[in-house]
Amino acid sequence: GTNEFEKEDLIDENNDMCFQYRLNDEVANSSNGFVSVRRSERTNNIYKTTFDVRAPLEIEAIFDHFPFRIVKASLGVELSTMTDRNNVKRLVPDLQLAMKAKNSNIAIQPPIIGIKKEYDDYREEVTEKIDQKMDRSLKFYFVTPFPKVNYTVKKNDCSKFEVSFYLVEMGFSKFIKIVLPMLLIFIMNTFHVFTNTVTDTDNYLGNSAAFALTVVFLLESVVPQTVKKNNWGRNTVYVILVFISLMLSSIPANFIYNNPWP
């Protein structure tokens with residue numbers, strides 16, 4: 001081990017002895033607001049540091065079939081190596097993991113529960129209160145508030161792990177914002193096509209352009225919005241078919257009658 005002088009030599013300018021963090025392969029410190037030290041404690045040769053973390057989550061689409069969408073929000077946490085002030089001594093971090101009591105490695109602060117009920121009712125109430133405490137998203141809902149944790153072990157050392165949550169984007173809001181307006185456009189465009197022969201060409205093209213412009217704004221959220229997912233999925237095919245149908249239905253009848261095919 002290191003003697004007392006060496007340990008003091010490893011303490012940084014803020015009187016903290018801790019390994020620097022990397023969040024999603026980006027250095028996290030107080031300058032970018034990701035990690036800041038709340039307090040540091042020392043008992044004999046044991047150092048304890050508590051952090052405040054504002055962690056950016058990476059979003060990856062797991063299931064994306066309009067109007068339903070499930071994503072994986074993950075945070076990669078890595079401890080960087082540490083050197084003394086003279087860049088002579090070097091410490092390599094190694095997480096001490098509990099292999100049997102795995103819930104001791106990462107824990108969620110439990111909410112306050114009243115009188116203890118039956119186990120199933122108690123567990124359901126705890127899960128609901130944890131969900132209410134953690135969920136501050138305006139767009140997604142937790143499939144479960146309990147994270148999935150994966151550790152990366154290399155040469156019997158572990159300094160990196162990933163915490164991930166599964167989130168769902170509710171389809172009902174899309175049903176109101178997209179599905180119903182698209183149904184309205186479908187019905188209006190159907191009547192629009194039926195009046196093709198009696199409608200002036202300029203008016204017919206103007207109405208078709210209005211329908212197309214409306215669809216552009218409505219279908220913007222249907223297209224996959226993550227680079228980690230193949231863009232050629234069902235949603236993309238749906239958007240392409242909608243625009244093909246609009247292009248075909250926008251042809252004025254006078255154009256066909258006055259320009260017969262050879």
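**Exercise 1. A hairpin to begin with**

Find how many bridges join strand β3 to strand β4, and in which sense the two strands run.

*Solution.* Step 1: strand β3 (residues 35–43) and strand β4 (residues 46–53) are joined by eight bridges and run antiparallel. Strands here are DSSP runs of E with at least two residues, helices are runs of H or I with at least four, and both are numbered from the N terminus. Two strands pair if DSSP finds at least two bridges between them.

Step 1: pick out one bridge. Valine 35 has valine 53 in β4 as its bridge partner.

Step 2: look at the turn. Two residues lie between β3 and β4 in this hairpin, and asparagine 44 in the turn has a positive phi of about 55 degrees.

Before going on, please note that this is a predicted model, in which local features need pLDDT of at least 70 and side-chain atom pairs count only at pLDDT 80 or more, while totals for chains, interfaces and linings use all residues. Residues are numbered from 1 along each chain as its sequence is written, and side-chain values use heavy atoms, with hydrogens and water left out.

**Exercise 2. The whole chain**

State how many helices and strands the chain has, and what share of its residues is buried.

*Solution.* Step 1: the chain holds six helices and 11 strands.

Step 1: of its 262 residues, 28% are buried. Buried means under 20% relative accessible area, exposed means over 50%, and partly exposed lies in between (1.4 Å probe, protein chains only).

Step 2: turn to the contacts, where contact means heavy atoms within 4.5 Å. Among contacts in the chain with a separation of 6 or more, 57% are between residues 24 or more positions apart.

**Exercise 3. The neighbours of strand β6**

Work out which strands pair with β6, and why β6 counts as largely enclosed.

*Solution.* Step 1: strand β1 (residues 21–23) pairs with β6 in the antiparallel sense over three bridges. Here tyrosine 21 has leucine 79 of β6 as its bridge partner.

Step 1: strand β5 (residues 58–65) is also antiparallel to β6, with seven bridges. Glutamate 58 is bridged to serine 74 in β6, and β5 and β6 form a hairpin with two residues between them.

Step 2: strand β11 (residues 157–169) runs antiparallel to β6 and is joined to it by 10 bridges. Glutamate 78 stands opposite lysine 160 in β11.

Step 3: in β6 (residues 68–79), nine of the 12 residues are buried, so the strand is largely enclosed by the rest of the structure.

**Exercise 4. Two residues compared**

Decide whether isoleucine 70 and phenylalanine 161 are buried, partly exposed or exposed.

*Solution.* Step 1: isoleucine 70 lies in strand β6. Its relative accessibility is 29%, so isoleucine 70 counts as partly exposed.

Step 1: the C-alpha atoms of isoleucine 70 and valine 168 are 4.4 Å apart, although 98 residues separate them in sequence. Leaving out residues up to four places away in sequence, isoleucine 70 touches Glu60, Ala61, Ile62, Phe63, Leu167 and Val168.

Step 2: phenylalanine 161 belongs to strand β11. With a relative accessible area of 16%, phenylalanine 161 is buried. Beyond residues up to four places away in sequence, its contacts include Leu75, Val77, Leu95 and Ile106.

**Exercise 5. A loop with positive phi**

Say whether asparagine 24 and aspartate 25 are buried or exposed.

*Solution.* Step 1: asparagine 24 sits in the loop between β1 and β2 (26–28), and its phi is near 50 degrees. At 18% relative accessibility, asparagine 24 counts as buried.

Step 1: aspartate 25 is in the loop between β1 and β2, with a phi near 65 degrees. Its relative accessible area is 52%, so aspartate 25 is exposed.
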